[in-house]
Amino acid sequence: MSLLWQSLELRSLRLTNRIVAAPTATGTADREGVATEKGLAHYGGLARSGVGLAVVEHHAVSPEGRVRVSQYRLDRDDVVEAHRALTAPFREAGLPAMVQINHAGAAVRDEELRLAEGFRTLAPSPVFHPALPGVLPRALTKGEIGALPGLYAEAARRAVLCGYDGVEIHACHGYLLSQFLSPLTNVRTDGYGGAILSRARILFEVFEAVRSVVDSDLPVAVRLGVADTLPGEEPRGLTIDETVRVARELAALGVDLLDLSGNLNGYDGRGEAWFAPYSRLVKEAVPVPVVCTGGIRSALTAERLLREGVCDLVGVGRPLMADSQALGSWRERLP
Ligand SMILES: Cc1cc2nc3c(=O)[nH]c(=O)nc-3n(C[C@H](O)[C@H](O)[C@H](O)COP(=O)(O)O)c2cc1C
């Protein structure tokens with residue numbers, strides 16, 4: 001029997017197969033941070049995609065935490081009602097849907113946002129982000145770092161009110177928590193910088209704050225940036241050995257799912273399943289289900305990754321973004 005179509009339980013959720021719709025920012029939010037008609041149509045389609053779990057794209061936890069002006073947001077109570085229209089199709093289809101919560105840190109992509117009056121581009125340290133060499137962020141004060149867990153927890157509380165079945169904390173792709181993890185963007189000398197478990201301290205604090213507000217029957221996941229370089233490259237910045245230590249600590253804190261991707265280097269690679277070597281190392285180290293994403297394009301590849309012990313679930317991003325029914329043929333290829 002194929003492993004791809006086997007179910008998996010995450011707290012009270014039952015995933016009917018091992019495919020995860022990876023979070024992909026669709027550019028379909030309005031300036032208030034809620035879905036346009038296009039957004040509702042996209043996620044309505046995704047609810048009928050046949051995946052086992054959907055992770056809805058990153059939502060900002062605070063106004064300064066936005067990546068773009070028109071980004072989905074969970075930074076205030078008055079978005080909750082509108083977001084219920086987005087979660088409704090998932091409930092109707094019986095497909096578990098988690099939502100990703102994020103703070104951009106230095107990685108604010110829209111100039112309009114960066115130049116807006118009173119807007120502050122914040123980061124662990126005042127160093128250039130490799131993806132945004134022209135923007136020198138201001139270092140977060142200790143007081144501002146102390147406020148971060150509360151921002152993520154409030155966003156998570158709202159996510160549950162919106163009807164989501166769980167929350168995923170975004171800690172990869174060069175956004176704020178990923179900036180803390182990397183020694184290239186975190187040169188702090190207080191308890192939030194230095195050795196890896198200190199650089200990860202804010203992630204642990206955010207996780208605990210989020211876990212404390214999400215109902216105990218619902219899962220909390222972390223999308224963890226595993227390294228600043230791809231497998232096979234000369235290590236620079238955050239390394240996979242360091243990430244294994246972070247993963248062990250998150251497992252001890254009770255994380256329900258580790259969704260793996262790149263750190264400052266983003267989500268792209270070459271060939272097929274480019275993060276598989278990293279995923280295998282994390283899976284071997286922790287008793288927590290692991291998702292491997294990036295360049296997985298066929299049912300046979302997905303099945304092989306599961307069979308070889310690389311991961312427990314496979315993530316699919318761009319194919320589902322382009323066509324929410326793209327995986328229809330996977331069942332025929334691998335009954
Ligand atoms: C346009 C676009 C937007 C993305 N937005 C997000 C996001 O909101 N959160 C996230 O964690 N990853 C995001 N990603 C990364 C994807 O989740 C995924 O890891 C990546 O596309 C690699 O998988 P794929 O080869 O199957 O597309 C995005 C990727 C793309 C192409």
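## Exercises on a predicted model

D110 sits in the loop that runs between β5 (97-102) and α3 (111-115). The model is predicted.

**Exercise 1.** Find which residues D110 is in contact with, leaving aside its neighbours within four places in sequence.

*Solution.* 
1. Set aside the neighbours within four places in sequence; D110 is then in contact with V67, R68 and V69.
2. Turn to side chains. That of D110 makes a polar contact with the side chain of R68, at 3.3 Å.
3. D110 and I169 are 59 residues apart along the chain, and their C-alpha atoms are separated by 22 Å.

**Exercise 2.** Describe how helix α8 and helix α9 cross, and state which residues meet.

*Solution.* 
1. Locate the helices: α8 spans residues 240-253 and α9 spans residues 276-285.
2. Take the axes. They come within 9 Å and cross at roughly 35°.
3. Assign the hand: the crossing of α8 past α9 is right-handed.
4. List the contact. From α8 come I240, V244, A247 and R248; from α9 come Y278, L281, V282 and A285.
5. Sort this contact by class: seven residues are nonpolar, none is polar and one is charged.

**Exercise 3.** Work out which residues come nearest to the ligand, and how much of its accessible area the protein covers.

*Solution.* 
1. Start with the surroundings. There are 20 residues around the ligand, and P23, A25, Q100, R297 and R318 come nearest.
2. A polar backbone atom of P23 lies 2.7 Å from a ligand oxygen atom. For a polar backbone atom of H58, the distance to a ligand oxygen atom is 3.3 Å.
3. Check a side chain. An N or O atom in the side chain of R297 is 2.7 Å from an oxygen atom of the ligand.
4. Finish with area. On its own, the ligand has 610 Å² of accessible area, and the protein covers 90% of that.

Note on methods. Residues numbered from 1 in each chain as written. Predicted model: local features only at pLDDT ≥ 70, side-chain atom pairs only at ≥ 80, totals over all residues. Heavy atoms only, no water. Axes fitted to C-alpha atoms, helices over the stretch in contact; angles between N-to-C directions. Helix = DSSP H or I, 4+ residues; strand = E, 2+ residues; numbered from the N terminus. Left-handed = near helix turned anticlockwise from the far one by under 90°. Contact = heavy atoms within 4.5 Å. Nonpolar A, V, L, I, M, F, W, Y, C, P; charged D, E, K, R; others polar. Near = heavy atom within 4 Å. Polar contact = N/O pair within 3.5 Å; in protein donor to acceptor, adjacent residues only side chain to side chain. Areas by Shrake-Rupley, 256 points an atom, 1.4 Å probe, with all protein chains shown as cover.
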